[in-house]
Amino acid sequence: MKASVALTAAVAAALVVAHASAQDKEIRIGFINTFSGGASIYGKHQKDGVELALDHLGRKMAGLDVKMIYGDDQRKPDVGRQAADKMLKKDKVHVVAGITWSNILAAVQRRVIRAKKILISTNAGWSAMAGKNCSPYFFSTSWNNDQTPEAMGHLMNQLKLDNVFLISANYQAGKDMLTGFERFYKGGVAGRILYRLGQRDYQAEISQIRAVNPSALFGFVPGPMGIAFMKQYRAAGLHESIPFYSVFTIDYMTLGGHGKAAIGTYHTSYWNNSSDDPVNRKFIEDFKEKYGYHPSMFSAQAYDMPMLVDSGVRAVKGDLSDVKGMILEMEKADFKSTRGKFAYNTNHIPIQNFYRREVRADANGDPEIVTTGVVFENHKDSYYETCKMKW
Amino acid sequence: MTWLLLLEQILNGVQFGVFLFLVSAGLTLVLGIMNVVNLAHGSLFMLGAYYAATVFGWTGSFLLAAVVMVPMALLSGIAIEVVALRTMYDRDHMDQVLATFGLILFFNESVRLVWGAESQPMPVPDFLAGSVEVLPGTPYPVFRVAVIAVGLLTAFALYLLITRTRVGMLIRAGASNRAMVGALGINIQLLYTLVFGLGAILAGLAGMMAGPLQSVEPGMGEDMLILAFVVIVIGGIGSIRGAMIASVVIGIVEVVGRSILPFAMTGFMGEDAAQTAGPAVSSMLIYVLMAAVLFFKPEGLFPAKTG
């Protein structure tokens, strides 16, 4: 009896030791995104970016194995929060990353930050995280929501466009897009329409736009809504007389669905996909080879996430208990980003360039996205001055 | 807003209405004749769009896509009927709702597995591109005119089928008294399978006509399904004529309401508030209309057990 107790204790002790050493040998990253339902394409593009980055890192960070834990938020804030809870409590992750939607970031952020774990948004650009809710534990490898439409407003000033019509979705992010746009745009507004979220037929809106006859159209029509809108806009023949300038509407993620309807349109983006930067070229080429499709800006943002974590892990030489040390290094943005060299602002939102991109027909007549100029250099978001970092 | 623009918006409403008719015709047939609540109608809409987009992508011919889509949709419909729905006829509507809701999930994931989660390319075919001038100074997309033509032809064909043919007579008889038709030596089972297949073809046709103007992607039929149910509730379940009239009424209310309300409301609540509230109120209009119809005519405008 005594012997068996001793044996059990020894086995238990061995298991504990084994478990502890396993903890030391790996870094666990939780990645929350939408992997099911209609918006699962966002999760796929980002996951593929993350996995490619891990390939490029040899699946190790400062000698530690990387263990990814993927969690599906089903595009629901409460489900996203449950995924974060599970990652923090059961999987004991060191980093929580991902998240496409601002409302899910809002639901997840407090838990992760209270647990003193690093939180990295690979897409969601909720403005509160750049301002009043900012935290040293939070980083973005994407942008603040307002920045891309701000760049579009500025671009329209540069092009001396006046009498522009605005169309956006009738919900918070849709209104934020117009706010960001008008923060910089100085010309006249010919009219504005807020369409219903999920709308599929836009002929009524298109008739209104044609009746006003503006010099250009600015729009935020994301995902399948944008594909429907662009097809109908082109079918109505307005694409030539009233050029379309958009944000978060046309990207390599939606370009297949848009097809030729997107040719001749303009948009702004932080990602210069045409850049000759070797990191960017290697990312695009390897991505296309591994997955058989062209990476989107979502893939590029997500690719940066493991690279950012890796820079922190290497700085603390794999000592994952030194979270502060990791964060102080990550603030330097000293890693190879697909966007080239950039800096983090005091609120951990990138200070980065924004580019003008066009959709053109390639040699086969198929649409391709070409970056044709810089709109903003080292653009800061509009909220960092309200950010008071507190550990 | 000028009178010409208002006229154009009414035309837009009619066009949207005819499209709604295409979506809801099959649904009302299946519900009215077979007494089956088929939530998977939206999935058949999606499958029609995918079949057509795939063939269109391979061959570049929209007509060939239509020729291939019809038997594919028919087979899909028959498969659903034989495998999943046949055991559901004698059970109550909630069981049917549950079963066909399961089918929605099944088909969305299947489509994602086969084609992927991204939107499939499906442009407007060249011979239906461009526009015609329907009102002075108002070019109108040819493809939308084609949608109207297909919708009206479908309505006419269904009318002939149900009122002028032997099959139509059997369908009407089967709807009135299933057991009696069976006792007279008609294979009612086969008849129901055919009706469901016809519903599937109609859904697929609607999906195919939606493809060039919308995003061909998993779950694309679900938004349409809600409107289709509103149509058949207003029009009277099982009535093709009711579906046609209700579709056009809903199309006009939806489109004209959406385009006028923000302007109208600016008058008494300021532009910013009207821009936000206008679309919200206009999206309620058709449901208010449905509630009103149900209050005065609980059976719908054209209650018809026999088409």
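**Figure 1. The loop that holds Ile99(A).** Ile99(A) lies in the loop that runs between strand S4 (95–98) and helix H4 (102–114) of chain A; helices (H or I, at least four residues) and strands (E, at least two) are DSSP runs, numbered from the N terminus. The model is predicted: local features need pLDDT of at least 70, side-chain atom pairs count only at pLDDT 80 or more, and totals for chains, interfaces and linings use all residues. Residues are numbered from 1 along each chain as its sequence is written, while chains are lettered from A and ligands numbered from 1 in the order in which they are written. Ile99(A) is not a glycine, yet its phi is positive, near 80 degrees. Most residues other than glycine have a negative phi. Ile99(A) is buried, having 31 other C-beta atoms within 10 Å. A residue counts as buried if 20 or more other C-beta atoms lie within 10 Å of its own, as exposed if 12 or fewer do, and as partly exposed in between, with C-beta atoms placed from the backbone.

**Figure 2. The loop that holds Ala62(A).** The loop between strand S2 (60–61) and strand S3 (64–72) of chain A contains Ala62(A). Ala62(A), although not a glycine, has a positive phi of about 50 degrees. Ala62(A) is partly exposed, with 16 other C-beta atoms within 10 Å.

**Figure 3. The six-stranded open sheet of chain A.** In chain A, six strands form an open sheet of mixed pairing, in the order S2-S3-S1-S4-S5-S6; two strands pair if DSSP finds at least two bridges between them. S2 and strand S6 (138–140) of chain A stand at the edges with a single partner strand each, so one side of each is left without a neighbour in the sheet. Strand S1 (residues 26–33) of chain A and S3(A) run parallel and are joined by eight bridges. Gly30(A) stands opposite Ile69(A) in S3(A).

**Figure 4. Parallel pairing of S7, S9 and S10 in chain A.** Strand S7 (residues 164–169) and strand S9 (residues 216–219) of chain A pair in the parallel sense over four bridges. Opposite Val164(A) stands Ala216(A) in S9(A). S9(A) also runs parallel to strand S10 (residues 244–246) of chain A, to which three bridges join it. Here Leu217(A) stands opposite Phe244(A) in S10(A).

**Figure 5. The hairpin of chain B.** S1(B) and S2(B) form a hairpin with two residues between them. In the turn, Gly137(B) has a positive phi of about 70 degrees. The two strands S1(B) and S2(B) pair in the antiparallel sense over four bridges, and Leu135(B) stands opposite Thr138(B) in S2(B). Of the five residues of strand S1 (residues 131–135) of chain B, zero are buried, so the strand lies largely in the open.

**Figure 6. The fold of chain B.** Chain B has 11 helices and two strands, and from the N terminus on its elements run α-α-α-α-β-β-α-α-α-α-α-α-α. The radius of gyration of chain B is 20 Å, close to the 19 Å that the globule rule gives for 307 residues, so chain B is as compact as a globular protein of that length. The radius is taken over C-alpha atoms, and the globule rule is 2.2 Å times the number of residues to the power 0.38. Along the principal axes, the C-alpha atoms of chain B fill a box of roughly 65 × 50 × 35 Å. Buried residues make up 48% of the 307 residues in chain B.

**Figure 7. Val195(B) in the largest nonpolar core.** The largest nonpolar core has 194 residues, of which Leu22(B), Ala49(B) and Val195(B) touch the most other members. Such a core is a set of buried Ala, Val, Leu, Ile, Met, Phe, Trp, Tyr and Cys residues joined through C-beta atoms within 7 Å. Leaving aside neighbours within four places in sequence, Val195(B) is in contact with Leu29(B), Val30(B), Ile33(B), Met34(B) and Ile171(B); contact requires C-beta atoms, placed from the backbone, within 7 Å.

**Figure 8. The contact between chain B and chain A.** Chain B contributes 33 residues to the contact and chain A contributes 32 residues. On the side of chain B that touches chain A, H1(B) gives the most, with six residues. The model scores ipTM 0.92 and pTM 0.90.

Methods:
Contact = placed C-beta atoms within 7 Å.
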